[in-house]
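Here is a short report on one chain.

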Amino acid sequence: MFRRPPRQQYAALCYRLKKKTGELEMLLLTSRDTGRWVIPKGWPMPGKLSHEVAAREAYEEAGVRGAVETTPLGSFGYDKVLKDGIQVPCRVQVYALEVNELVKNFKEKGERTMEWVSCDEAVKRVREPELRDLILAFAQRMTQTSAIAQIK
């Protein structure tokens, strides 16, 4: 059967470090259609670079702003189910975004449930195996970065 190439999307892996403990937390939110746990993501936008799209989606979907990395962490695939029931394969390029601001009012406020969770909890909640792998790899990178900073 003929299968179209995956459609491109961009996402933000939103994180913060707890002030008192330095513990890494990730922001997950529910999708509007299925209610599964996801990270903010969306389609390319004219005139915006991929990491800028990821940051914009984080703001519109979760009301968070911060410093977004310009190099992707990696990507994951999933099948998006459109309103007409058709499944479209998507490839999502993921960028880390360190959250430093939470806003009260944003475009999709009230349309999703959002939670700050540990990396272990994030891995348990997301369905996409490749996204789980990205979360684990990012958590490991952050642990190594923290250990190096403590040595210096």
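## Helix 1 and its partners

The buried residues of helix 1 pack against strand 1 (7-17), strand 2 (24-30), strand 4 (41-42), strand 5 (64-68), strand 7 (87-102) and strand 8 (114-118). Contact means heavy atoms within 4.5 Å. Buried means under 20% relative accessible area, exposed over 50%, and partly exposed in between, with a 1.4 Å probe and protein chains only. Ser-50, His-51, Val-53, Ala-54, Glu-57, Ala-58, Glu-60, Glu-61 and Ala-62 are the buried residues of helix 1.

## The whole chain

This is a predicted model, where local features need pLDDT of at least 70, side-chain atom pairs count only at pLDDT 80 or more, and totals for chains, interfaces and linings use all residues. Residues are numbered from 1 along each chain as its sequence is written, and side-chain values use heavy atoms, without hydrogens and water.

The chain has three helices and eight strands. Their order along the sequence is β-β-β-β-α-β-β-β-β-α-α. Helices (H or I, at least four residues) and strands (E, at least two) are DSSP runs, numbered from the N terminus.

Of the 152 residues, 40% are buried. Among contacts between residues at least 6 apart in sequence, 68% join residues at least 24 apart. The C-alpha atoms fill a box of roughly 55 × 35 × 35 Å along the principal axes.
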